[in-house]
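Biologist: Could you take me through this model? I would like to begin with the aromatic side chains.

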Amino acid sequence: MTVVLVVVVVTTAIAAVVALRAKNRREDGVEMTVYGARCQGSTVVTRPADDVPRVVNDVCLHNPELGLRSNTPEGGSITTGISFASWGERIRFSVEPLSATEPEVTATCSPVFPLVITNWGRSEKNLYAFLRAVHETPAQAVSTHRGA
């Protein structure tokens with residue numbers, strides 16, 4: 001019994017160390033760094049910064065996992081629900097104008113339950129889906145709805 005307990009503790013410790021190593025991801029106009037259940041990323045949008053809230057609103061309307069909590073021209077927050085892999089995530093994003101027609105959207109994703117070390121890639125998947133959709137939404141596809 002003691003040997004089994006030691007094996008479980010050592011295996012868990014190794015998994016925690018491996019999960020906390022930084023992993024970089026660059027694809028589809030999105031740059032991300034992942035640290036276990038936490039990640040951060042950014043993308044440049046080819047539209048005026050004032051259009052970003054409408055884009056974010058549409059992205060969240062078309063992705064049922066992303067629940068828009070707040071959305072302003074400066075940034076906002078999104079939450080995801082509980083699943084078998086996670087207690088839910090919180091995505092916070094900000095919008096920084098680089099030029100008149102190109103703002104950068106920077107976002108972080110972290111678990112709602114702060115002691116979580118890994119959530120089997122759910123944070124990475126949700127943040128990547130959000131940033132990629134914001135980056136790829138064509139100007140003519142943005143609805144006339146106003147963000148929350």
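Biologist: How many aromatic pairs does a search of the whole structure find?

Modeller: The search finds two aromatic pairs. Please keep in mind that this is a predicted model. In one of the pairs, the ring centres of Trp87 and Phe113 are 5.8 Å apart with the planes at 45°, so the pair is tilted.

Biologist: Where do Trp87 and Phe113 lie?

Modeller: Trp87 belongs to the loop between β5 and β6, while Phe113 belongs to the loop between β7 and α3, so the pair ties together parts that are 26 residues apart in sequence.

Biologist: Is Trp87 buried or exposed? And what about Phe113?

Modeller: Trp87 counts as exposed, because its relative accessibility is 55% and the cut-off for exposed is over 50%. Phe113 has a relative accessible area of 40% and is partly exposed.

Biologist: Which rings make up the pair with centres 5.5 Å apart?

Modeller: Those are the rings of Phe93 and Phe130; their planes stand at 45°, so this pair is tilted. Phe93 is in strand β6 and Phe130 in helix α3, so the pair ties together parts that are 37 residues apart in sequence.

Biologist: Are Phe93 and Phe130 buried or exposed?

Modeller: Phe93 is buried, at 6% relative accessibility. Phe130 is buried as well, at 0%.

Biologist: Staying with rings, what sits over the ring of Tyr128?

Modeller: The charged end of Arg25 does, at 3.8 Å from the centre of the Tyr128 ring.

Biologist: Let us turn to the fold. How many helices and strands does the protein have?

Modeller: There are three helices and seven strands. Read from the N terminus, the elements follow the order α-β-β-β-α-β-β-β-β-α.

Biologist: In what order do the strands sit in the sheet?

Modeller: The seven strands form an open sheet in the order β1-β2-β3-β7-β6-β5-β4, with antiparallel pairing. Strands β1 (22-27) and β4 (67-72) are at the edges; each has a single partner strand, so one side of each is left without a neighbour in the sheet. From one strand to the next, the twist averages 15°.

Biologist: Which strands does helix α3 lie across?

Modeller: Helix α3, residues 122-136, lies across β1, β2, β3 (38-44), β5, β6 and β7, and runs at about 10° to β3. Helix α2, residues 52-62, lies across β4, β5 (75-79), β6 (89-97) and β7 (103-111), running at about 175° to β4.

Biologist: How many bridges join β1 to β2?

Modeller: Six bridges join β1 to β2 (residues 30-35), and the two strands run antiparallel. Ala22 has Tyr35 of β2 as its bridge partner, and Lys23 stands opposite Val34 in β2.

Biologist: What about the turn between β1 and β2?

Modeller: The two strands form a hairpin with two residues between them, and Asp28 in that turn has a positive phi of about 55°. Most residues other than glycine have a negative phi. Asp28 is partly exposed, at 39% relative accessibility.

Biologist: What is the phi of Trp120, and where is the place of Trp120?

Modeller: Phi of Trp120 is near 60°, again a positive value in a residue other than glycine. Trp120 is found in the loop between β7 and α3. At 71% relative accessibility, Trp120 counts as exposed.

Biologist: Are Cys109 and Cys60 buried or exposed?

Modeller: Cys109 is buried, at 1% relative accessibility. Cys60 is likewise buried, with a relative accessible area of 8%.

Biologist: Finally, what share of the 148 residues is buried?

Modeller: Buried residues account for 40% of the 148 residues in the protein. As for contacts between residues at least 6 apart in sequence, 56% join residues at least 24 apart.

Notes:
Residues numbered from 1 in each chain as written. Predicted model: local features only at pLDDT ≥ 70, side-chain atom pairs only at ≥ 80, totals over all residues. Heavy atoms only, no water. Pairing = 2+ DSSP bridges. Helix = DSSP H or I, 4+ residues; strand = E, 2+ residues; numbered from the N terminus. Axes fitted to C-alpha atoms, helices over the stretch in contact; angles between N-to-C directions. Contact = heavy atoms within 4.5 Å. Buried < 20%, exposed > 50% of the residue type's maximum accessible area, 1.4 Å probe, protein only. Phe/Tyr/Trp six-rings, centres within 6.5 Å; stacked < 30°, edge-to-face > 60°. Lys NZ or Arg CZ within 6 Å of the ring centre and 35° of its normal.
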